[in-house]
Amino acid sequence: MLFTGRNDKGLMVTRADTPKHDVEVRAWPDDERWAKFVRQQVRGGLPELEALIGLPWSKDRTLEITETVSPYLYGYAGWYQSENNTIEIGDELDGEVVLHEISHIWFNDELFTDRWINEGFAQTYSNLALDEIGGKAKRPERVKQAAKGAQPLNQWGDPSFRDDEIARLEEEFGYNAAWFVVRTLTNEIGTDKMREVFHAASDGTYSYLGDLEPETVAGTANWKRMLDLVENVGGSTKATALFRDLVVTDSQRRDLQARTRARKSYDKLVDAGDGWSVPASIREDMTRWRFSNVTDDIAVARDILAVRSDIESVLDGTGIGLPESFETDYEGDGDLTELLGDARHYHEVAEQLAEAAGAADDGHGLFGSIGLWRNDYREDLDAAGDAFEDGKIDRAERGAVAVLATVDDAGGVGQRRVLTTFGIVVGLVLAIWLLRRWRRARRRKRAARAEAAAEARAAALAEELAQAVTVPYLATPTFESEPGGEPLL
Ligand SMILES: [Zn+2]
């Protein structure tokens with residue numbers, strides 16, 4: 001550690017508070033010019049930075065900005081120490097330096113793990129804020145990849161504090177290239193979109209979101225998340241090429257290629273989903289760059305979607321929809337292979353339902369119609385369809401099988417009904433005929449009996465008459481008397 005002859009006790013302390021921020025400026029006693037300049041930068045630039053970045057000012061402690069030559073001794077204009085919320089800068093009046101260090105309140109290893117991302121944002125946003133407060137904003141130089149000190153930004157390590165030429169050149173290249181990459185992306189998507197990127201990085205939300213509540217991943221965002229977020233949230237189309245050219249190492253370039261392939265399959269899966277968002281497990285693997293898992297899972301998801309299409313065409317015209325839980329199961333983080341098994345079962349049952357619906361709608365023939373007369377097979381079919389949509393697949397299956405059996409048996413039932421009815425009719429006719437025959441026979445018997453009786457009566461009369469003839473003609477007449485006593489003649 002170098003001894004820098006600091007005497008912080010003798011510093012002149014003034015406040016540069018804004019309505020929302022507590023800031024203490026600690027200048028050398030004879031350098032009021034510096035103190036005043038820094039206060040101006042803070043009061044103008046700090047609220048601008050906060051508005052541009054959009055993340056809350058999370059420090060409840062006072063920010064201290066101290067004038068010191070310490071950073072100069074290591075080749076830096078200033079630095080920010082997040083552990084004690086302190087900025088140390090040299091005595092030059094450089095607005096970009098003041099705002100760069102202030103911006104590290106947000107752009108530090110709590111937001112992004114990679115140094116180049118935080119330095120690139122610090123440079124880009126300090127110059128944006130400087131421009132807002134009327135300062136002279138600067139821009140990065142053209143990046144020369146063949147220059148001494150050039151290296152992929154992901155290889156740019158922490159400050160080495162080595163006092164050699166190559167370390168200096170690497171730092172110079174790193175700051176400039178980081179600034180170039182981040183500034184290009186910020187200009188491309190704009191600060192509004194970049195604010196959304198910061199929020200997603202800060203909240204740890206998946207880089208690939210579905211229809212569900214945004215899921216989160218643990219850990220601070222790294223260059224992979226940065227690339228994903230700038231593209232998926234920010235809508236950048238330049239990022240992959242920039243990363244390929246200036247950010248990744250050779251081995252990481254292969255990751256980028258795997259990512260590009262995975263994203264193509266992912267986009268196709270989004271299209272095939274036709275309104276169904278990508279399963280959470282795939283979105284998580286995409287977010288974590290586990291592309292070999294993604295390839296397999298996307299294949300299974302595509303199979304599920306193909307079965308969904310089959311089910312939809314099987315059910316077309318039946319008025320029966322997909323099981324309502326199917327979409328949420330697909331979009332959630334359940335096991336996809338298991339869901340594919342479920343989907344295939346849905347398909348089988350859908351075929352039975354469609355068969356039952358078709359059989360119910362077909363012409364049933366005379367006997368079939370008679371067999372189905374006053375049968376509630378249509379209600380049963382509706383109930384089976386409802387059960388299917390409610391995800392009660394087994395009940396739907398039993399219902400479909402029962403309706404099919406009812407319709408299939410209808411002809412036989414009808415025949416039996418007809419035969420039974422015919423039997424009853426024949427029986428009735430026969431009974432009526434027998435009754436009539438019996439009545440006729442009875443009438444005939446009666447007539448015969450009456451004839452016989454008449455004959456007997458006639459015979460008796462004849463005999464009586466014969467006897468009467470033998471009675472002497474003059475018999476004493478007898479008279480019957482009526483109550484009046486008058487004789488009857
Ligand atoms: Zn910095």
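Trainee: How many bridges pair S2 with strand S3?

Mentor: Keep in mind that this is a predicted model. S2 covers residues 23-27, and S3 covers residues 63-67. Along the pair, valine 23 has leucine 63 as its bridge partner, and arginine 26 has threonine 66. The two strands run in the parallel sense, and the number of bridges is four.

Trainee: OK, and in which sense does S2 run against strand S1?

Mentor: S1 is made of residues 12-15, and four bridges join S1 to S2. Arginine 15, for one, stands opposite glutamate 24 in S2. The sense of S1 and S2 is antiparallel.

Trainee: Which strands stand at the edges of the sheet?

Mentor: Start with the order, S1-S2-S3-S5-S4, in an open sheet with mixed pairing. Each edge strand has a single partner strand, so one side of it is left without a neighbour in the sheet. That picks out S1 and S4.

Trainee: Is S2 largely enclosed or largely open?

Mentor: Helix H1 (residues 32-53) packs on the sheet and touches S1, S2 and S3. Count the buried residues of S2: four of the five. So S2 is largely enclosed by the rest of the structure.

Trainee: Moving on to the helices, are H10 and H12 roughly parallel or roughly antiparallel?

Mentor: The axes of H10 (residues 291-315) and H12 (residues 336-361) come within 9 Å and cross at roughly 10°. Angles under 35 degrees count as roughly parallel. So H10 and H12 are roughly parallel.

Trainee: How many nonpolar residues does the contact of H10 with H12 have?

Mentor: Among the residues that meet are Val300 and Ile304 in H10, and Leu340 and Ala343 in H12. The contact also has two polar and six charged residues. The nonpolar count is 15.

How values were computed. Residues are numbered from 1 along each chain as its sequence is written. This is a predicted model: local features need pLDDT of at least 70, side-chain atom pairs count only at pLDDT 80 or more; totals for chains, interfaces and linings use all residues. Axes are lines fitted to C-alpha atoms, for helices over the stretch in contact, and angles run from 0 to 180 degrees between N-to-C directions. Angles under 35 degrees count as roughly parallel, over 145 as roughly antiparallel, 65 to 115 as roughly perpendicular and the rest as oblique. Two residues are in contact if their C-beta atoms, placed from the backbone, lie within 7 Å. Ala, Val, Leu, Ile, Met, Phe, Trp, Tyr, Cys and Pro count as nonpolar, Asp, Glu, Lys and Arg as charged, and the others, Gly among them, as polar. A residue is buried if 20 or more other C-beta atoms lie within 10 Å of its own, exposed if 12 or fewer, and partly exposed in between; C-beta atoms are placed from the backbone. Two strands pair if DSSP finds at least two bridges between them.
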